[in-house]
Amino acid sequence: MVDYNTPVTDGELHAYVDGELPPDRSEAVEAWLASHPEDAGRVAAWRVQAEAIRARYGATIHGPVPDRLTLSQITRSQRSWGSIAAAAAVVAFVIGGVAGWLARGASAAAPSAVALFTSDAIEAHKLYIGEVRHPIEVKAEEDHLLPWLSRRVGTTLRTPDLGGFGLKLLGGRLLPGISGPAALFMYEGVSGERFTIYCSRLDGTRTAFRYDDNDSFGAVHWIEGKYGWVVSGPKDKDKLKAVASSAYDQLENRTPAPSQGAAGQLMSRRGS
């Protein structure tokens, strides 16, 4: 029986990241993270650090020990126990130093919550724009799309009209975020290109537009109040900024959008 009420320890969170928890306890940890956004953010940061370390040092860890560093080679010409002890001390010192350096480097390179947030948005964009049959959960025409996502994200959501860019709203879906549930709205152009708007709770200082890119995708993100927003699409900085600017104006109620029923409503960044 899975016990979802037992508090999760730091040791279990680390074991969860490393894939060392039994299945029943993993389910309990996942349930815990769903209702504890601070722990979920820590777990996300640890995973990023672990991937970075594996990417850089994985081949070295699993490679053979060079002949010149084997204990027999080191002590071949000096067989005394004193020499062996000295060699062991040097090896221990080197290993300890490398481990400490890696730990310090991992800590120094820990990504910020905003970086993790934007990365999540771009990864969600990359994953779902490639779906042919199921790019969204709920279609734009369905009346419960906005009430459902608004309730889960915790603020009143509406969708901006991007028809001026030839983009039509397809619908949306619910996703897990680093600080709670996230909403993803997808738009499609006449030539099949897709753009997404990602929103989730994100405590932080209000920011202006900031551009990021990843592979063949780009994104413009900003923070307003207690929510973060990311507009993602093809890696075209000028167009992405133009789309984000149009969405921003509508989200701030500066430019009224044409009435198109539920799909044509605005999405307020102020939660009103």
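Q: When do rings of Phe, Tyr and Trp pair?
A: They pair if their centres lie within 6.5 Å, taking the six-membered ring of Trp; planes under 30 degrees apart are called stacked, those over 60 edge-to-face, and the rest tilted. The model here is predicted, so local features need pLDDT of at least 70 and side-chain atom pairs pLDDT 80 or more, while totals for chains, interfaces and linings use all residues. Residues are numbered from 1 along each chain as its sequence is written, and side-chain values use heavy atoms, without hydrogens or water. Searching the whole structure gives 4 aromatic pairs. One of them is Phe117 with Tyr198, edge-to-face at 5.3 Å centre to centre and 70° between the planes.

Q: Where in the chain do Phe117 and Tyr198 lie?
A: Helices (H or I, at least four residues) and strands (E, at least two) are DSSP runs numbered from the N terminus. Phe117 belongs to helix H6 (residues 113-128) and Tyr198 to strand S4 (residues 194-201), 81 residues apart, and the pair links distant parts of the chain.

Q: Is Phe117 buried or exposed?
A: Buried means under 20% relative accessible area, exposed over 50%, and partly exposed in between, with a 1.4 Å probe and protein chains only. Phe117 is buried at 2%, and Tyr198 is buried at 2%.

Q: Which aromatic pair is tilted, at 40° between the planes?
A: That is Phe209 with Trp222, at 5.1 Å centre to centre. Phe209 sits in the loop between S4 and strand S5 (210-214), and Trp222 sits in strand S6 (residues 217-224). Phe209 is partly exposed, at 30% relative accessible area, whereas Trp222 is buried at 2%. Together with Tyr248, Phe209 and Trp222 make up one aromatic cluster.

Q: Which charged residue lies over the face of Tyr128?
A: A charge sits over a ring if NZ of Lys or CZ of Arg is within 6 Å of the ring centre and within 35 degrees of the ring normal. Over Tyr128 the residue is Arg173, at 3.8 Å from the ring centre.

Q: In what order do the strands form the open sheet?
A: Two strands pair if DSSP finds at least two bridges between them. The 7 strands run S1-S2-S3-S4-S7-S6-S5, with antiparallel pairing. Strand S1 (138-139) and S5 are the edge strands, each pairing on one side only. S4 is joined to strand S7 (residues 227-234) by 6 bridges, and Ile197 stands opposite Val231 in S7.
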